[in-house]
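Visitor: I would like to go through some of the labels used for this structure and ask what each one rests on.

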Amino acid sequence: MTLADVARQAGVSSATASRVFGRPDMVGAETRAIVIEAADRLGYVANSTARALAMGSSGLLGLVVPQLSSSYFAPLISAVQSEVERSGFELIIVDSRGCPESEIEIARRLRGRVDGIIFASPRSPGAALAEAARAFPVVTVNRELPDIDSVSVDVIAGLTELCELLITAGHRTIAYLGGPPGSISDDGRFLTARTVIGDNGGEVLRFGPVEPTVSAGAESLSMLQEAGVHAVIAYNALVAHGLMFAAATVGARVPDDLAVAAVDDLIDIGLGLPSLTAITQPMGEAGSRAGRMLVGQAARPSGTDPDTRARTIQHLVLPSTLVIGETC
């Protein structure tokens with residue numbers, strides 16, 4: 001199937017058909033629509049860039065994450081990419097390095113180059129994200145704002161259950177290994193733990209920020225020992241496993257000498273270690289849902305009144321599950 005066949009089917013010259021996919025600004029909207037319809041009917045596929053131009057879009061979507069190296073975001077990234085590619089888009093992934101100013105700068109830089117952006121666990125002010133959403137479609141993950149579509153994972157129920165489990169086991173002073181700095185989700189998790197444990201006569205000591213790595217978890221053991229705590233909630237499963245490894249090297253028994261739990265696990269990336277007490281978060285599903293939300297917005301015809309988005313805002317909350325292993 002050639003471009004000449006498309007031109008004949010559409011009743012236009014080959015030059016006009018060529019301009020539709022190469023210089024769509026030189027062709028009227030009605031003629032563009034006729035040529036594109038003919039191409040679809042005949043199964044003609046132009047290169048993705050040319051077709052995107054003809055359709056009045058870039059054909060690209062963006063995903064901004066605070067840390068590409070974090071295992072927490074791996075299933076999210078994979079699921080988003082699968083979803084947008086299945087829908088005919090391409091994905092640009094950008095690491096903001098956890099910097100709010102960088103997030104906004106990335107949004108400005110990508111404006112006009114992408115048809116929409118997913119911000120994973122964004123740390124920028126709500127007003128700045130709302131401004132970006134007025135320029136192009138935006139979906140947030142693990143951050144709910146009034147006028148922006150979002151997908152969140154509810155860890156509150158699981159974390160509450162975890163804190164009550166530790167209290168029932170007799171722990172009254174519990175460490176929270178937190179991170180990274182500026183994380184709104186991390187602040188919320190710590191406040192939940194402090195409230196639940198405090199209401200039951202205990203206290204939470206916050207340590208960190210801790211990098212989401214095994215080595216950082218191992219290095220945390222000494223400060224926990226100095227504080228005299230015997231129960232730890234780590235914000236990241238790799239941190240928890242590093243902590244347990246370090247404990248084993250010095251002869252400390254888990255859970256007898258040190259109870260360890262994590263606010264996420266490694267199951268979603270195929271590295272599940274069921275002996276760890278952890279809160280399972282469906283980040284792969286969150287990525288798929290966020291990808292579908294963004295594709296749904298980006299696929300709207302150009303010229304759609306952005307104010308209509310306010311009538312169709314979606315806030316999807318996925319449940320988490322506490323899996324009780326052998327470490328508490």
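Visitor: Why is Arg206 called partly exposed?
Guide: In this predicted model, Arg206 has a relative accessible area of 38%. Partly exposed covers values between the 20% limit for buried and the 50% limit for exposed, so Arg206 is partly exposed. Salt bridges that share partners join Arg206 with Asp186, Asp187 and Arg189 into one network.

Visitor: What makes the contact of Asp186 and Arg206 a salt bridge?
Guide: The N to O distance between the two side chains is 3.1 Å. The cut-off is within 4 Å, so the pair counts as a salt bridge. Asp186 belongs to helix H9 (residues 184-199) and Arg206 to strand E7 (residues 203-207), so this pair ties together parts that are 20 residues apart in sequence.

Visitor: Why is Asp186 called buried?
Guide: Its relative accessible area is 2%. Buried means under 20%, so Asp186 is buried.

Visitor: How do you know that Asp5 and Arg8 meet in a salt bridge?
Guide: Their side chains come to 2.3 Å, N to O, and the limit is within 4 Å. Both residues lie in helix H1 (residues 3-10), three residues apart, about one turn of the helix.

Visitor: Why does Arg8 count as exposed, and Asp5 as partly exposed?
Guide: Exposed requires over 50%. Arg8 has 60% relative accessibility, so Arg8 is exposed. Asp5 has 23%, which falls between 20% and 50%, so Asp5 is partly exposed.

Visitor: What makes Asp256 and Arg253 a salt bridge?
Guide: The distance is 3.8 Å, N to O, and the cut-off is within 4 Å, so the pair qualifies. Asp256 is exposed, at 59% relative accessibility.

Terms used:
Residues numbered from 1 in each chain as written. Predicted model: local features only at pLDDT ≥ 70, side-chain atom pairs only at ≥ 80, totals over all residues. Heavy atoms only, no water. Helix = DSSP H or I, 4+ residues; strand = E, 2+ residues; numbered from the N terminus. Buried < 20%, exposed > 50% of the residue type's maximum accessible area, 1.4 Å probe, protein only.
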